[in-house]
Amino acid sequence: MSQAEIEELAARVQRATRAVAFTGAGISTECGIPDFRSPGGFWSRHRPIEFKDFLGSEATRAEAWRRFFAIRQSLVGAKAGPAHLALAELVRRGHVASIITQNIDGLHAQAGVEPGRIVEIHGNGTYAHCLSCGERHEIDWVEAQLDASGLPPACVVCGGIVKAATISFGQAMPDQAMADARAATLDADLFLAIGSSLSVFPAAGFPVLATRNRTPLVIVNREATGLDGLASLTIHGEVGEVLPAVVELLHS
Ligand code: NAD
């Protein structure tokens, strides 16, 4: 990461009025939430459980919940970091119109971005819901029930399967969020991919869609991504340094 790259990014952000920020787990690592693919990341210790396996057996559901509780320990009490706060400032200043996030941690909202500007394409890990009737259930309640009986609890309204309100591998993407993300991408005058390996599809299809629509793509990530070849500017660096430096330049 060089000063020239930061200045180039700041100049592009300054000109933008409808930028989309597309964020991944890398924007939250400095908040104590591990990403999936970095060394020591959650993926290296636990393979994800596929949605069909979650549906298929009570024992797998109990195991999925135990893994979720382990991840959740890092989510509870996590605070928005410098990159979340810098992005919120770019929204306030009218440069970034929407944040499409793959994250389930709720930290963009905590940083002060209004919920209407945040599209959570992989759901939200701060609550659970019934897969049949949609009834919301609190995670603490699920944990208490599972601790007491050893079995994952059923929906209190209809007896359906209760799952964290996140999107698992093999689960259909949420229709409304995908439509909102597509609309924001097609409307964008700049597409910023921040802290994502850009390897999880269909999510990573949005930066591809942006470039097909002739919208410039900027990638900010610690390491190379599979889509670096599509970007007109790639900055390999820490998101918590790059984004605050951009905001600083806009102030000056
Ligand atoms: P990923 O783990 O595949 O990629 C994260 C990328 O961020 C890596 O390339 C890594 O090098 C980079 N990175 C890590 N810390 C960084 C930093 N401080 N500065 C710059 N770059 C940094 O994550 P992904 O692309 O978001 O895909 C994983 C999926 O897992 C997501 O779709 C998401 O749903 C889920 N997930 C979410 C969270 C969360 O909510 N915080 C955490 C882990 C996984």
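A21 stands opposite I99 in β2, where two strands pair if DSSP finds at least two bridges between them. In this predicted model, local features need pLDDT of at least 70 and side-chain atom pairs count only at pLDDT 80 or more, while totals for chains, interfaces and linings use all residues. Residues are numbered from 1 along each chain as its sequence is written, and side-chain values use heavy atoms, with hydrogens and water left out.

Strand β1 (residues 19-23) runs parallel to strand β2 (residues 96-101), and 5 bridges join the two. Helices (H or I, at least four residues) and strands (E, at least two) are DSSP runs, numbered from the N terminus. Helix α5 packs on the sheet, where it touches β1, β2 and β7, and its direction makes about 145° with that of β2. Such angles run from 0 to 180 degrees between N-to-C directions, the axes being lines fitted to C-alpha atoms, for helices over the stretch in contact. The open sheet has 6 strands in the order β3-β2-β1-β7-β8-β9, with parallel pairing. Its edge strands, β3 (118-120) and β9, each pair on one side only. On average, neighbouring strands of this sheet are turned by 15° against each other, direction ignored.

Helix α10 (residues 239-251) comes next. Its 13 residues reach 18 Å from the first C-alpha to the last, close to the 18 Å expected at 1.5 Å a residue; the expected span is 1.5 Å times one less than the number of residues. The buried residues of α10 are V239, G240, V242, L243, V246, V247 and L250. Here buried means under 20% relative accessible area, exposed over 50%, and partly exposed in between (1.4 Å probe, protein chains only). What covers these buried residues includes α1 (3-15), α5 (82-92), β7 (191-194), β8 (217-221) and β9 (233-236).

At 9% relative accessibility, H95 counts as buried. A polar atom of the H95 side chain lies 3.1 Å from the backbone oxygen of V13, and the side chain reaches the backbone oxygen of Q14 at 3.5 Å.

Turning to the ligand, 26 residues surround it, and the closest are R37, Q102, H122, S197 and E223; a residue is near a molecule if one of its heavy atoms lies within 4 Å of it. A ligand nitrogen atom is 2.8 Å from an N or O atom in the side chain of T29. The backbone takes part as well: a polar backbone atom of I104 is 2.8 Å from a ligand oxygen atom, and one of R222 is 2.9 Å from a ligand nitrogen atom.

Some backbone details deserve a look. Most residues other than glycine have a negative phi, and most peptide bonds are trans. L198, in the loop between β7 and α9, has a positive phi of about 55° although it is not a glycine, and L198 is buried, with a relative accessible area of 3%. P202 is placed in the loop between β7 and α9, and the peptide bond from F201 to P202 is cis, with omega near 10°. R214, in the loop between α9 and β8, has a positive phi of about 65° and is exposed, with a relative accessible area of 77%.

Technical notes:
Contact = heavy atoms within 4.5 Å. Polar contact = N/O pair within 3.5 Å; in protein donor to acceptor, adjacent residues only side chain to side chain.
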